[in-house]
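Please open the structure in your viewer and keep the selection tool at hand.

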Amino acid sequence: VGRLLGAAPERVAFGPSMTAMTMRLSAAVGRTLGPGDEVVVTRLDHDANVRPWVIAAERAGATVRWAEFDPATGELDPSAITSLLTEDTRLVAVTAASNLIGTRPDLPTVAAAVREAGALLYVDGVHSTAHVATDLAELGADFYACSPYKFLGPHCGAVIADPALLAELH
């Protein structure tokens, strides 16, 4: 998985499913959130990359901000996300490819804006990894989640992240 995504093997963590791993990571990130903090999710995403972050934000008293996609084109313009970023944004969750219609947001542009805002970026790559060459260093996500069974691997989930970042979470 590391070679597939251009990441060192020690950055790859496996678990029961992408959804389960996102729930666990969102709970850990949620412990770092508080009132006044913001989490950005999109209406283009599969619920597996939305509901965990909404639950974590609600538990922490943080605000959830929703990025809308263009229903006529199915595209999620980067400005739909970047216009929501503030100094209070702590995490942005976005898909690499819509599970329903296949459109792919401009992740490098989103990643640069999220990094500039000082927030973390969690990318759901489940519906992209099997179809699009992905270089995580180029992408700029802090977390990248995928499902190896979607590309003929075992039925499990994987999250790729810097081990130092993961060590900060409890």
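Begin by selecting Asp-37 and Arg-90, which form a salt bridge whose closest N and O atoms are 3.0 Å apart. Asp-37 lies in the loop between α2 (18–30) and β2 (38–42) and Arg-90 in strand β4 (residues 89–95), so the pair ties together parts that are 53 residues apart in sequence. The model being toured is a predicted one.

Arg-90, at 31% relative accessibility, is partly exposed.

**Second stop: Arg-65 and Glu-38**

Select Arg-65 together with Glu-38. The two residues form a salt bridge, with the closest N and O atoms 3.7 Å apart. This pair links distant parts of the chain, for Arg-65 is in strand β3 and Glu-38 in strand β2, 27 residues apart. Glu-38 counts as buried at 10% relative accessibility, whereas Arg-65 is partly exposed with a relative accessible area of 25%.

Keep Arg-65 selected and display its surroundings. Which residues does Arg-65 touch, not counting residues up to four places away in sequence? They are Glu-38, Val-39, Val-40, Val-41, Ser-83, Leu-84 and Thr-86. For Leu-84, a C-alpha to C-alpha distance may be displayed: Arg-65 and Leu-84 are 7.0 Å apart in space and 19 residues apart in sequence.

Next, select Arg-43 and Glu-68, another salt-bridged pair, in which the closest N and O atoms are 2.9 Å apart. Here too the pair links distant parts of the chain: Arg-43 is in the loop between β2 and α3 (51–60), Glu-68 is in the loop between β3 and α4, and the two are 25 residues apart. Arg-43 is partly exposed at 41% relative accessibility, and Glu-68 is partly exposed at 44%. The count of salt bridges in the model comes to five.

Asp-77 has a relative accessible area of 45% and is partly exposed.

Tyr-122 is buried, with a relative accessible area of 0%. What surrounds Tyr-122, not counting residues up to four places away in sequence? Tyr-122 touches Met-21, Thr-22, Leu-25, Asn-49, Trp-53, Leu-91, Val-92, Ala-93, Val-94, Phe-143, Ala-145 and Val-159.

**Last stop: Ser-147**

Finally, select Ser-147 in the loop between β6 (143–146) and β7 (157–161). Ser-147 is buried, with a relative accessible area of 4%. Leaving aside neighbours within four places in sequence, Ser-147 is in contact with Met-18, Val-126 and Cys-156.

Terms used: Residues are numbered from 1 along each chain as its sequence is written. This is a predicted model: local features need pLDDT of at least 70, side-chain atom pairs count only at pLDDT 80 or more; totals for chains, interfaces and linings use all residues. Side-chain values use heavy atoms; hydrogens and water are left out. Buried means under 20% relative accessible area, exposed over 50%, partly exposed in between (1.4 Å probe, protein chains only). A salt bridge is a side-chain nitrogen of Lys or Arg within 4 Å of a carboxyl oxygen of Asp or Glu. Helices (H or I, at least four residues) and strands (E, at least two) are DSSP runs, numbered from the N terminus. Contact means heavy atoms within 4.5 Å.
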